[in-house]
Amino acid sequence: MAHPLMFDGADPYLARVRGICLALPGADEKVSHGRPSFFTTKLFLTYGGTVRGDHDPEPYRHSVLVLPDAAERPALLGDARFYDPAYVGPSGWVGLDLRACGPPGEVDWQEVAELVDASYRLTAPARLVRELDAR
């Protein structure tokens with residue numbers, strides 16, 4: 001049975017996230033488990049998440065799940081905008097609730113792009129990271 005879609009294609013947060021992700025070398029998008037997911041050979045971002053014990057998609061539907069550098073994870077989770085996401089949190093991923101950052105026009109999209117860049121670099125093949133560095 002297919003998962004129901006848990007996003008709105010017209011979501012302005014998603015539009016900005018999509019632009020950041022798909023600008024990276026070799027990046028593509030697919031819907032996995034009802035959510036937009038961005039990957040090269042491995043996943044580097046999922047749009048939308050949940051927390052352990054609460055599988056209601058609404059509270060974190062406008063969030064990004066990324067894999068930060070392990071040394072940065074504790075500091076990120078110390079910021080109220082970030083959370084430990086269900087399923088992938090134990091593997092080092094964090095969620096950033098974009099609504100907690102403000103309306104789409106007020107989000108620090110440079111900060112989001114830096115988080116996406118870090119996650120991409122930790123998951124993408126070396127040749128794609130070299131291509132990104134050459135830009």
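Me: How do the residues lining the largest pocket divide into nonpolar, polar and charged?
Reply: This is a predicted model, and in it the lining splits into nine nonpolar, nine polar and two charged residues.

Me: How much space lies in that pocket?
Reply: About 440 Å³. There are 20 residues lining the pocket, and the closest to its centre are Ser32, His33, Arg35, Thr46 and Tyr87.

Me: Which strands each supply at least two residues of the lining?
Reply: β1 (28–32), β2 (35–39) and β3 do.

Me: OK, on to the sheet. What order do the strands come in?
Reply: The order is β1-β2-β3-β4-β6-β5, an open sheet of six strands with antiparallel pairing. β1 and β5 (82–83) are at the edges with a single partner strand each, so one side of each has no neighbour in the sheet.

Me: Are the faces of β4 covered or open?
Reply: Both are covered. Ser63 and Leu65 are buried on one side, and Val64 and Val66 are buried on the other. In a regular strand, side chains alternate between the two faces of the sheet.

Me: New topic: the core. Which residues have the most contacts inside the largest nonpolar one?
Reply: Val17, Phe44, Leu45 and Leu98, in a core of 30 residues. Elements that each supply at least two of its residues include α1 (12–22), β3 (43–47), α3 (109–123) and α4 (126–134).

Me: What does Phe44 touch, leaving aside its neighbours within four places in sequence?
Reply: Its contacts include Cys21, Leu24, Phe38, Leu65, Trp93, Val116 and Tyr120.

Me: Last one, Gly48. Where does it lie, and is it buried or exposed?
Reply: Gly48 lies in the loop between β3 and β4. Its relative accessible area is 1%, and buried means under 20%, so Gly48 counts as buried.

Me: Which residues is Gly48 in contact with, leaving aside neighbours within four places in sequence?
Reply: Arg35, Tyr60, Arg61, Ser63 and Leu65. Arg35 is also among the residues closest to the centre of the largest pocket, and Ser63 and Leu65 are on one side of β4.

Me: And how far is Gly48 from Ala75?
Reply: They're 27 residues apart in sequence and 21 Å apart in space, C-alpha to C-alpha.

Key. Residues numbered from 1 in each chain as written. Predicted model: local features only at pLDDT ≥ 70, side-chain atom pairs only at ≥ 80, totals over all residues. Heavy atoms only, no water. Core = buried A, V, L, I, M, F, W, Y, C linked by side-chain atoms within 4.5 Å. Buried < 20%, exposed > 50% of the residue type's maximum accessible area, 1.4 Å probe, protein only. Helix = DSSP H or I, 4+ residues; strand = E, 2+ residues; numbered from the N terminus. Contact = heavy atoms within 4.5 Å. 1 Å grid on protein atoms, 1.4 Å probe; cavity = no way out; pocket = protein on both sides within 12 Å on 5 of 7 lines; lining within 4 Å. Points joined across faces, edges and corners; volume = space filled by probe spheres on them. Nonpolar A, V, L, I, M, F, W, Y, C, P; charged D, E, K, R; others polar. Pairing = 2+ DSSP bridges.
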